[in-house]
Structure formats: structure tokens, C-alpha cells
Amino acid sequence: MRHLLTTLAALLALWLPATHSAAQAQAQPTARVIVKFKADSALLRRQAQSAAEHHSDRAQALGAKLGLALRSGAGVAERTQVVLAGGLSSEQLAARLAADADVEYAVVDQRRRPFAAPNDPRYLTVGGTGPAAGQWYLRPPTSTFVSAIDAETAWDVSTGSSSVVVAVIDTGVRFDHADLVGRLLPGYDFIADVPTANDSDERDADASDPGDWITQAEDQQAGGPFEGCGAADSLWHGTQVSGLIGAATDNADGMASVGRNVMVLPVRVLGKCGGFDSDIIAGMRWAAGLNVPGVPANPVANRAKVLNLSLGGPGACAQSYVDAVAAINAAGAVVVASAGNSAGHAVHTPANCPGVIAVAALRNVGTKVGFSDIGPEVAVSAPGGNCVNIGANEPCLYPILTATNAGTTTPVAGSSAYTDSFNSTFGTSFSAPLVAGTAGLMLSVQPALTPTNTRDVLQCTARAFPTTGGASGSVTQCRAPSATVQFECYCTTSTCGAGMLNAAAAVRAATPASGPTVVIEASAANAPVGTAVTLDGSASQPPAGRTITGFQWAATGGNLVVAAGGMTATLTPTAIGSVTVSLTVTDSASAQTSASAVVTTGSPPVARISPSTASVVAGESLVLDGSASSHSGGQFQWAITTGAPIASFSGATNGTSATLLPTGVGTVVVRLAVTDATGFTSEASSTIPVTAPPPSGGGALGLPWLLGLVLAVLALGARRGTAGRSRRQSPLA
Amino acid sequence: MHARGARAGPTYTAPMLRSPLAALMFCALGVAACAVEPPPPLRVLVKLAQPETDPAVIARTVERVAATPVSYLAATSPHWHALALRCADAAACDEALRRLRADTATFAAVQRDERRRSPAP
């Protein structure tokens, strides 16, 4: 017993200091930074000369230099290692180290996590009624799941913003499905036809789905509202689509959704036997925040940025849809629609309307699934579910698992059912929400994306269609739609859109650039041929916590000389025209940003004044002519640079000629500046003596004029003092 | 009066129903009567040249131009409205639609209000 107590006391003694120091460490978080020393670092040279060349020595030496207590972490590469410190943040430590002359760069050693599959139990695999493939369509592609959209990697960038609303224009929704609780906005019911609505009233604020079943009797009732609609159980179509876009994800329950945290706005426009254009368009407009007479406006916070339309019918796009989609796109909302399920025929409306992102459906192997319609209107394709097994009671292998209700007619209260391998979900109806959900993620990272931007990014990032691997050896390339059905085929960009949806690449591409800010300062925007322009990129800034590691200059012409270090360059234009100079700045996280500037080059004008040398008599005018200048439509400006007190211009000073009017004797210097259309300026000057006017009468008068002159000089000499004062005072008169 | 009435009764109802030939004729008449029953209303979407939101005004305008009874169904936007045309027969509905489309000063566009679905493949 004594031995046991002694042991416990010893353990306690060991544990107490340990917990104390652990608490201290917690109070002072450790900064972790990756440092790369410069190749010519003096610190490294000294280290190399010492006997013990260790990372720890480098860290300590660097710390001593900066007045920081640095600890060494793991080596990363030659000249690169982790450095640790206490008492400051990783960002602060990186900034301090990056400023040191021995350091090439210093960046925060970020914690990264593996791409995590959500913990929803149906995501990876489902036992029992399956599908065994789970939600294969959301995972990264593999050789079996070629068309999978890789939402998993997209979620590493964004799991969606609750401020982004995706409208599901459909049959309404079951608000009580466990995977949709908290994921739905109130929505609205736009069905004006009471039999179609199946909820005893016309338009109302209740977007819940009462069921859309059609009995045999209704289907066969001559003249009845549902004659020929086909007997069927309730589909819960809006609930299925909503589940794919916004089911609660990573909540250890049910399924995962593409949009995860985006909010779903249920807009009920389909009831028994579908719905009418008038209600569908009204619902679309309302979802995007546009006016629908007689219906309260959709609150601003609930306005959709994305509309999903998993519905349609054959025929050309009607004017009502053209108008509606144009207005909705102009309001900034993206419209996504399913292409149709009539087996390779033309894309249905509204998917075939301008401004709509039409989505065709793919098999797991990336070929067009048999039921999907196709055509040039398709923007992109996405999985639509396919079974492989077609025998009775055989499980469908690759359906699109999603939320549903167990009711066959009216809903089963509180039912949180899912489709499976025997109650399978497939159709272009379920390809569209994969695109709509991806668009929701894209808008979560970049709310400024326009509908056109969104389409462009989805298309640019799509993966190429496979040309092999079809389910059977007889699969051929898809043809343009015709009256003939067309089942599985190898997609082309003219039949199935730009490619297979790649959610990861689309969301990454939509993310705003996070590289350095690039600034180019040029000493002149215009330069004559042969005149050097200095370009300075030193005002460029890295993002917080990073340093700039490189400058790369390029020019479309001229002679470009980059200074050592790359921060500045000199451009000497060699030909008339313009030269575009670009600067790419790289930061310590290898992020790059480019910017460009244009330097306009040309030959400056030549200013010429005619007459170039002339004298003028005081009191007389002299016309100066600049029209001999080579000006090519430029501007003229005349000025008196010397002798302004005794001369002025009479009239305009910005024409091709100017009239000089001297009033006193002396020298006047006139300058002409000519500026051409590109901003180049040239100057010319003319020195003009101004002489006294000749005495009246002149030499022809002979001796009497000479006598008069003598008398005048004598008189002037006698009155010199008075006259001088008078002249000095004259300006005051 | 009574005799006429008594005669009229059996000759108008019972005897005819009891006779197979008469019953056949009655059925034929019934089929003919069904054939001339008005078709279901034709749903149309009209785009007004000038926006209007008063359903009564819109219905009167459409009724005047279409020259057939009309009931207002729903608004889609300030310009677009859904209405039902009640025509004597399909040809009359086609003619009403033609008249609406011809009045371009009142209607910028006229189209059938089609039913759309989300059918399973």
C-alpha cells in the first residue's frame, strides 16, 4: 500500500509541473513560420563556416539579429525551414522575418486539413435498398464515376453562404423533411388553377407540396382537367430537387447537398399534371425580386441569385419566357433549367431560352444518358442518374439519391425518406440542381458574378467529355437532335454543352484573386521614339502575411531593360505606336498577379516661326506665322518670354499665327509651343528687335529736318532731369 | 288536355326508351349533343402594349378584341396576363386567337398558356 501511495505521489509530482507548463504554452500561442534564406545570405555564409551547421543555429542566429527568441522547427528544403516563436502571432513573425536582409521570404506555416467527406451517412454508401454508390455524383471523379462533379473539393473553398438564395421553381416542398429543416425560406404558392393546385385555393403564401398524384379515373375522365395526364403517385419533385441543392450537410444525418449552406426558396408552380407558363413565369419573377401584380413582394433578403427550373415542355422559347429571363438576368439572377427527358430530342423550353443555363444529363461513365435531350442550347452537362441494371427487381446502381416523402398521394407527416435503388431518382431534373447548387457556391465566394460570368466560369472549367468507356460497344457520337430518339452516345460540345460540370474548378475559378496588388508607375505615358521611360513596380503590395518574391516584366515592343532585383525597368520605344508593358508580381505563397500599362510612342512635332528673324518698328504690328510647323492637328500656344513690357499680342494666341504689337523700343522674344494629338510638345523661339519709328518727314525734308532734330536734342538735354522723373512716374498715371 | 297529356307522356318518354330503335336514336342524339358542347376554355397569355394591372379592365379589353367570353386567370407581370377564352368550338378559339394577335396596338404578344411538367424519363 505504501509503495502504491509513493508511486501515486511521484506520478502526481510529475503531472503537476507538466500541466502547469501546458497551461503556460496555451496562454502564449506559438507562431509558426516557414523561412527561406537568401542564397547570398551573410548569415548562411557564417553558418557554413562554423563547424556545426544546423537549422537550430540558423534560427537562433536570426533571432539574435532581430531581438527575438526563435526556436527551430523542421527543415523543409535547403535554406528553408520552420521557425517558431512565442508572444506574437504567426503573421507578425512572418512580417518581421520577411523584412530581414538575409530572408528571401517568410510565410505563415498554415495548418491544412485533408479534404473531408461530409459525415452524412448516405454520402459514401447506403446498405439495404442502396444505392451502394451513395451520392457518387458529388464525390471526386474516378474511373467508375467519370462524370462525378467533385463537390467535395469545392467545399474546401466554400461550403456556401446562407446569404445566397437558390429558388426551386417546382412542386413546392415538404418543410418537415429532417434534412431540409432550417434550410428553407418561406416561399410562395403561385398556382392559380384550383384543381391543379390541389390545395383548395389559388395563389397563397404556403409553398408546401400537398402531393400531385393523379388517379386512373382522373386520367381517363373525358373532358376532365387531368384527362390524359397519366395516372401516377405523388412525385415530391420539389423536395427531391431542394434536397440536392440545400439538404443539411455534415450533420451526421441523411444526405449531403451541393450548396450546403445556401438557402433554398421553394416556389410552387407545379401541381397535378404540371403547371402553366403563367404561374411558372410569375414564380420566376417573384423569386428574383421582380413585381408580380397581386402578390406581396419577395423580401429583399430572400431574393434568389439562382433559379432552378427542373421542368419544361416541347417547343420554341415563347416570348413570355424571353421577357422573363431577360428581366431576371438583368436583376442579377442566374436561371438554370433541365434540358428535357425525351431521349435525344431538342432541348425543351424554357431551357432553350436565351440567358438560361441548360443542363443535359450524363451517365456515371460520362456518356449522355439515354433519356436526356440535347442540342446547341445546352451549356453544360451533369450526372442525371442511370441504372445499368434493367431487370425487374434489380437495383438501380447509379441513381441520384435525394430527399423525398413516403406518401403515394398525400404526404406522410414527418416522413424523412430518401430515394434509393428501387425507388430511384433520375432525369435531367436532377442534373440541373447540381449546376444550380454549384452556382450557389460560386456566388458565395464571389457575389458580384453576373449571370453571364457564372455561365462562362461553369463552361470554362468543365471537364472534357470522354470518347470511350460507353456502357456498350455500340455507343456512337451524339448527333444533332432530330425526330429520331437518341439514347446513350458520346457527348460533343455542340450537343451536350462545354463539358462535364466540375464544381471544384468552377468554385475555385470564381474565387477572387488573392495575389499581390500590382502597381506600375511610368515616368511618362507618352515618349518619343528613342526616349527612355522608367517603369517602377516598387509600390506593388503583397497580401497580409506574405512577401513579394519576384517581378517579371514584359513588353510588346521597344527595348526593355530590367534592373537588378526586377523592381524597376526601362523601356525605350523603337517605333511609333504604342507599347504595352506588363508586370507580373509573385508573392511568397506563389500567388501571381499581373497588371499592364501602355506607353504611347511617336515623333514629336517641329515648331517653326516665320519669319524667324525680323525687326519691327515700335507701334507697328508684326504677323508671326507658325503654320510651317509639323503639327498634325495639334495645338498652338504663343507667348512672349522676353520683352513683355514693351510688346503684347493683338488677338488670339492659340492659332497657327499671332500678331505681335510692340509699343516700345527693345528686344522681344516670342515662343511658339506646338502640342500634337499624342501629347508630344515642341517649341520654337524668335528674337525680334523693336526699333524706334523713323522721324516724320524723313531724309526727303533735308536740312530743315536736321536743324529741327538738333534743336530737339538741345531742348531734351536742358530738361533731362524733369523728363526722367516723368518717365519713371508714368506707370503710375 | 289530359288525353293529349297522357299521350304526350308515353310517346315522348316511356315508349321511346322502351324501344331499342328509339334508344339508339336517343344515344345518337346524345352523341351529337356532346359533339357540339363547347371545348374547354383556351388559356392564353397576352402581353399588353401598355402595362395594366386591373383584371376587370384587362378582361374587358381581351373580350372586346377576341369577340368571345373571357375570364381573367392571373397576372404574370405588369405586362403579361393569363386569361381563358370560352369559345363555341376549337375553330372559334383559333379565330379569337387570330383576332388578338392581329391587334398589335393593344397586345405586344399573344401566346397559348401551355402546361409544363417535370415528367420522369
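Two strands are taken to pair if DSSP finds at least two bridges between them. Helices (H or I, at least four residues) and strands (E, at least two) are DSSP runs, numbered from the N terminus. The model is predicted: local features need pLDDT of at least 70 and side-chain atom pairs count only at pLDDT 80 or more, whereas totals for chains, interfaces and linings use all residues. Residues are numbered from 1 along each chain as its sequence is written, and chains are lettered from A and ligands numbered from 1 in the order in which they are written.

In chain A, four strands form an open sheet in the order β18-β24-β23-β20, with mixed pairing. Because β18 (526-528) and β20 (548-555) of chain A each have a single partner strand, they stand at the edges, and one side of each is left without a neighbour in the sheet. Neighbouring strands of this sheet are turned by 30° against each other on average, direction ignored. Strand β18(A) runs parallel to β24 (residues 592-602) of chain A, to which three bridges join it. Within this pairing, A:Ala527 has A:Thr601 of β24(A) as its bridge partner.

Chain B contains five helices and five strands, which follow the pattern α-α-α-β-α-β-β-α-β-β along the sequence. Of its 121 residues, 26% are buried (20 or more other C-beta atoms within 10 Å of the residue's own, C-beta atoms being placed from the backbone). Helix α4 (residues 55-66) of chain B packs against helix α5 (residues 90-102) of chain B at an angle of about 110°, with the axes 8 Å apart. Axes are lines fitted to C-alpha atoms, for helices over the stretch in contact, and angles run from 0 to 180 degrees between N-to-C directions. The two helices are therefore roughly perpendicular (65 to 115 degrees). The contact (C-beta atoms, placed from the backbone, within 7 Å) is made by B:Val62, B:Val65 and B:Ala66 of α4(B) and B:Ala96, B:Arg99 and B:Leu100 of α5(B). These residues divide into five nonpolar, no polar and one charged (Ala, Val, Leu, Ile, Met, Phe, Trp, Tyr, Cys and Pro count as nonpolar, Asp, Glu, Lys and Arg as charged, and the others, Gly among them, as polar).

Between the chains, the contact takes 32 residues from chain A and 24 residues from chain B. On the side of chain A that touches chain B, the largest share, seven residues, comes from α9(A). The residues of that side divide into 13 nonpolar, 15 polar and four charged. Two bridges also join β8(A) to strand β5 (residues 115-116) of chain B, and these strands run antiparallel. There, A:Gly275 stands opposite B:Arg116 in β5(B).

How values were computed. Parallel < 35°, antiparallel > 145°, perpendicular 65-115°, else oblique. Contact = placed C-beta atoms within 7 Å. Buried ≥ 20, exposed ≤ 12 C-beta atoms within 10 Å, placed from the backbone.
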